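Please examine the sequence and the model below before reading on. The report then considers selected helices in turn.

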Amino acid sequence: MTTSITPTAAATPLILSAHQVTKRFGGLIAVREVDFDIPAGSIVSLIGPNGAGKTTFFNVVAGLYDPTSGGVDFMGQPMVARPVRTWAEPLFWTALPVPVFIASLLVLGAGANLAGQVLLLAAFVLMVASLLVAVIRPPWYLALLTRASIFRSARPHEIVTLGIGRTFQNIRLFQNMTALENVLVGMHARLHASPLDAALRLRRHVREEQTGRDQAIHWLSYVGLEHREDDLARNLPYGDQRRLEIARALASRPKLLLLDEPTAGMNPVETGQMTELFSRIRDELGVTLLLIEHDMRVVMGVSDRVTVLDHGEKIAEGPPDVVRADPRVIEAYLGKGATA
Amino acid sequence: MSGSVHRDGPPAAGRNANDVRERARRYLGVARANLGRHQSVTITLAMAVVMVVLPVVAQLPPFNGFGRLNDYVFGFADAGVYVLLALGLNVVVGLAGLLDLGYAAFFAIGAYTMAYGASGFSGLGTPFWIMLPIGAFSAAIFGLLLGAPTLRLRGDYLAIVTLGFGEIVPVVFRNADPYTNGTNGITSIAQPNLYGLLGIHGFGFTNPWPFYVTILVIITIATMLLYRVQDSRLGRAWVAVREDELAAASMGINTVSTKLLAFSIGASTSGLAGVFFAAKLSSVSPEQFGFTVSFTALAMVVLGGMGNIWGVMAGAFVIYEIQSQGLKQLGNFVQGLGIPAFSVGPMTVDLSSINFLNYQYLLYGLALVLMMLLRPEGLFPSRRRREELHEAEEAAATDALSGAAGEA
C-alpha cells in the first residue's frame, strides 16, 4: 500500500507510526497491512463498522497483541519486536552452518573426499548466508526470532512506561478500590519507591505517597470528580466511571492516550462534556489522542483526522469532512446502494 | 427526615442524644485517624495488650480449670507460629488473590534452614537470631522459584501446581539423607540464647515465657512491615492484579514481578515461622510439613477474613486454640454432663466416650461449610472483600427489582 503522509502530517513530528501492521487470528485476518500515522498534538479517530478490526489494531498499539507482521514506532523508536535475549541470537546464525560443518568433517574422516568437500563448501555458503541474513534482518528472520522469544513486543506495562495510556471499551476499573486508589494504581509506572522503602518508611516512600495522593486528587478534579476520591469505583454512576478511567490513564502521564469508545452509552449532555474534556486534554496537557468511536457527532466534532477501517483494511483517511463524503466510507457503513 | 419535621425546635433530649452521638463519632474518627497515622505504635501497643491479656484470661475461670498456666503459654507460642503462617499466606491469597495450596513447603524450608544452620548435625552453630533472617531469605528465594513457573497459571491450575510443590518439598527432605538425615529428621537444634541478657541464657524446655515473648515480637514486626507494604505502591498493585490482571498490566503494573513479590514476601513470613518452630521444638522431621499444615493455614486465612491482617491473626489464633484446647475440653465437658448411653435402633450412642480430637477434621470441614454458606467473607473481613463477595447478591437483587419494575 502507499504511504499516506499528508502534507500537514509531514510538517509536525509523528508521535506514533504503524507500518504495514497485519494481525491474523488463525485463518481470519483481523487487520491487513494498515499504515497509520498520528501527528503529535492531534486528535485522531479510528472508525469503521462492527468487526472492522478497530479494537484489534488498538490492542496491537497498546501491546496486548503481537502483530503477525509489520511494526509500530512510538516517538521514532520501534515498539514492537524489541530484542530481549540478544545473547541467544548468535545461536541462530550457527544453527545451519555448524551442523553441516560437523557433518562434512565426519564425511571427510570416513574417506569420502568429494562429498566432504561439497559439504564443506555448503557449510561455508550457509555461514555467509546466515551472516548476511543477520545483518539485513528480513521480516521472516525477525518473525523467527520473535517466535523463539528472542525478540518480542513491548509488554502492556512497558508500553505505559513508554508513554501510552489507554481506556477500555467495556469499563475495566478496579471496582472494589476507591476512586483515589484507582488513580494511584494508574500512577504506578511513575512512582518509584520500592517495597523496602515502604517497609522501612523511608522518606522517599512517605514523600512520594503524599505527592502521589495530591496528584491523584488533582487528576480526579481535572476530569470532574471532585470529592469522590473515597467512593468505591463501582458505586460511581456510569458516566463518572468513564471519567475515572480517563483520570486513571492520565495519571500515568501519557504522551499518547488511547480511548476505546469513551462515550459509549452516554447521553448527549455527557457526550458533550466528554468531547470538551478531550479538547482540554489535548490543549492543556499536550496529550495526543487516538479515539475509537461510534458516535459520529463526537468523531466529526473533535477529530483532526479520521481513519476508516473496513474488513481489516484502511479504506479512507483524511479530515472529517473529506472522509464523510468518501463514497467508500458511505458504502461501508450504509451498503452498496447508498452511494448511487 | 426528623430534621424537617422538627425544623423550628427539636426536643432538647433528642438534640442532646444526637449531639453526644455526633461528638462520639467525631472523636472516634479522630482516634482512628491518629491510630492510622501512628500505625506502628498502634500495632506495638495492641500486641503488648495481647501479650498481657492472653495469660490473664488463661488464669480466669473456666480456662484455669483446663490446664496450668505454663502449658497455656507454651500453647500460645505454638499458636503464634500459625499466626505467622496465616499472615504470610494472607499476602498471597488475600491480597494478590493467588490460591496457594503448598504453603507448608516454605514453612518446611524455613525450619530445615534453621535445623541445618544451628544443630550438631551439620556442626554449624549459627545463633537463632541470625538464622531468623537467613530462614526468611531462603524461603523467599524458594518462593521466587515456585512463583516463576506458575505465573502463566490462574485459579485452579495455580492451586494444583502449588499443591504439587507442597508435596515435593517434604519428599525431597525425606530422601536427601546427607543433608536432612532422612525420615529421622534433624534433632538437637540449638535453642535461642540471650547470652545472659535479662538473666536468660538458653531458652530451655521448661520455661515457656521467653518463647512466648519472642514469637510475639516477631509477629509484631512482621505485622508492622506487612501493613506498610500493604499500604504502598506494591500493595495497591497486588489488589489491582487480583481485581483485573489485564487492566493492571495496562496501567503499567508489571504483573510478573508483582506476583513473584507476593509469593516471596508470603514465603519469607512462613520462613520466619519455620525457624521459630524448629528452634522451639528443637527437632524437625519431614512429616511435620504435610498437606494438613497448608490446609490449616488456608482455613485460618479464609475463616479469619481474607485480606484483613487483624482478622487473619485472630482467625489463626482461634482455630489453633480450638484445635489444641477446645476440642479436648469439649470432650471433657460432654463427659462431665454424664449423659447415659442410649440406643437409637440397633446403635448405642455413648456421648461421653467420644474423643472430639479424633473428629478434628470433621469439625473443621463442618465449620468451613457453614462459614462459606453463612459468612463467606470470614469472621473479620476486610472492607474490600466484603464488598466483593456481596457484589453478586446485590446484582441479583437489582436484577430482581428491575425485573419487577419491568413487569409492573
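This is a predicted model: local features need pLDDT of at least 70, side-chain atom pairs count only at pLDDT 80 or more; totals for chains, interfaces and linings use all residues.

**Helix 7 of chain B**

The buried residues of this helix are L158(B), A159(B), T162(B), F165(B), G166(B), V169(B), P170(B) and F173(B). Viewed down the axis of helix 7 of chain B, the buried residues fall within an arc of 120 degrees, so they line one face of the helix. In general, an α-helix has 3.6 residues a turn, so residues three or four places apart point the same way. On the other side of helix 7 of chain B, the residues D156(B), Y157(B), I160(B) and N175(B) are exposed. The table lists helices of chain B that are included in what covers the buried residues of helix 7.

| Helix of chain B | Residues |
|---|---|
| helix 5 | 104-117 |
| helix 6 | 128-150 |
| helix 8 | 177-180 |
| helix 12 | 255-281 |

**Helices 4 and 12 of chain B**

The axes of helix 4 (residues 69-95) and helix 12 of chain B come within 7 Å and cross at roughly 165 degrees. Helix 4 of chain B is therefore roughly antiparallel to helix 12 of chain B. The crossing of these two helices is left-handed. Residues of helix 4 that take part in their meeting include F74(B), L84(B) and V92(B), while those of helix 12 include A262(B), F263(B) and K280(B).

**Chain B as a whole**

Chain B contains 16 helices and 2 strands. Of its 408 residues, 46% are buried.

How values were computed. Residues are numbered from 1 along each chain as its sequence is written. Chains are lettered from A and ligands numbered from 1 in the order in which they are written. Side-chain values use heavy atoms; hydrogens and water are left out. Buried means under 20% relative accessible area, exposed over 50%, partly exposed in between (1.4 Å probe, protein chains only). Helices (H or I, at least four residues) and strands (E, at least two) are DSSP runs, numbered from the N terminus. The arc is that of the directions from the helix axis to the C-beta atoms. Contact means heavy atoms within 4.5 Å. Axes are lines fitted to C-alpha atoms, for helices over the stretch in contact, and angles run from 0 to 180 degrees between N-to-C directions. Angles under 35 degrees count as roughly parallel, over 145 as roughly antiparallel, 65 to 115 as roughly perpendicular and the rest as oblique. A crossing is left-handed if the near helix is turned anticlockwise from the far one by less than a right angle, and right-handed if clockwise.
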